[in-house]
2 protein chains.
Amino acid sequence: MAQKNRLQFIILGLLNIESKTGYDLTKAFDSDIGEFWTANHSQIYPLLKKMEKDQLITHHEEQAGPKLVKKSYDITTAGKAAFQEWLKEPSEADNSHDEFILKLYFIDSKNSPLLPEMINEQKQARAEKLNHLKQQLKDKFPTEKEKQQQNGHYNVLKHAIQRETDYLKWLDEIN
Amino acid sequence: MAQKNRLQFIILGLLNIESKTGYDLTKAFDSDIGEFWTANHSQIYPLLKKMEKDQLITHHEEQAGPKLVKKSYDITTAGKAAFQEWLKEPSEADNSHDEFILKLYFIDSKNSPLLPEMINEQKQARAEKLNHLKQQLKDKFPTEKEKQQQNGHYNVLKHAIQRETDYLKWLDEIN
DNA sequence: TATTAACATGTAATTAATTACATGTTTTTG
DNA sequence: CAAAAACATGTAATTAATTACATGTTAATA
């Protein structure tokens, strides 16, 4: 997909919180942000170079061990401005590329022998996802304090939980 | 995105219904399928060539005017098998790339001056989408007959409507 | 009948994203 | 202390997708 380089803004958003290495950024997509966006380190490292060339970020080096030197990236004033600009722009809702929905579209008959198995598999996958999200909510937002401090993250998690819950409800209906 | 070539299976699914030209396929993404998947003609024509080379489809030419010759594509036995195979495989749920959610994640404070405008804009966009979907449902499924004949399409539309409805509900909650 | 819109089919250039290749350091654990 | 896991940083090859370029036909309409 040749998209609107949203990854760049995610990186700016993360660096806006605090200075991070390419590895730190990569890790972020394994946890928090990974819940709703994906990125590989092989995409992140080259993009960091490009963003630095574009003067949205800079980097400084840190001696992290006897031999290891870490590159830590910092957002620039221009980067902060670009990030704020992006926040203000209208958002596009990329139609979610849901493979199950796609398949379902092509199954015209209510009596297709494929349907029960497909629906069950999907129910299980979605239920697992829902459990995982609920666990995340427990782990990351144990008290009101966290909800206040990271209200965006909280809203996003709540949204994901609602989405999965509603998806499961719909799966029950078409059964 | 270097994905799992789902477009190929959409094309197979559409050709499995009936023979179509590249233009017909392109049009399908402006209406029905466009509700949940996108593709440009510049992606479709080269893919048709590749799929023909892979013997998933063939084509025949039709004299459509004094000068115009249309290329109509047909699914092969191998194509039908590949399509059925795909239907049976487990489905992956690509985390929907929703830009609004992404932005929200980075807004930590409930009192951010950006929030009200962002939420309103999103509410309006989603409400419009919902209206459009409801109209589609009316237009394409006026009676029980259509629901029986195209149950897959019906389910997918119902799902989209539920999704937008729930999304709007959630937007009200975070307001 | 001239113009415009829709039909119809491609290619080229660029950007985005995945998978695989490649290498080295540091910390943990058995 | 040896091995494994996690940390850390890149590049290369390939695939997917968008935007722009390019050309011609047919039907509708003014």
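Helices (H or I, at least four residues) and strands (E, at least two) are DSSP runs, numbered from the N terminus. Welcome to a predicted model, where local features need pLDDT of at least 70, side-chain atom pairs count only at pLDDT 80 or more, and totals for chains, interfaces and linings use all residues. Residues are numbered from 1 along each chain as its sequence is written, and chains are lettered from A in the order in which they are written.

**Sheet of chain A**
- An open, antiparallel sheet of three strands has the order β1-β3-β2 in chain A (strands pair if DSSP finds at least two bridges between them).
- β1 (20–21) and β2 (57–63) of chain A are at the edges with a single partner strand each, so one side of each lacks a neighbour in the sheet.
- Two bridges pair β1(A) with β3 (residues 69–75) of chain A, and A:T21 has A:S72 in β3(A) as its bridge partner.

**Helices across that sheet**
- Helix α3 (residues 41–53) of chain A lies across β2 and β3, at about 120° to β2(A) (angles run from 0 to 180 degrees between N-to-C directions, with axes fitted to C-alpha atoms, for helices over the stretch in contact; contact means heavy atoms within 4.5 Å).
- Helix α1 (residues 6–17) of chain A lies across β1, β2 and β3, at about 100° to β3(A).

- β2 (residues 57–63) and β3 (residues 69–75) of chain B run antiparallel, joined by seven bridges.

**Between the chains**
- The axes of α8 (residues 151–174) of chain A and α8 (residues 151–174) of chain B come within 10 Å and cross at roughly 150°.

Technical notes:
Heavy atoms only, no water.
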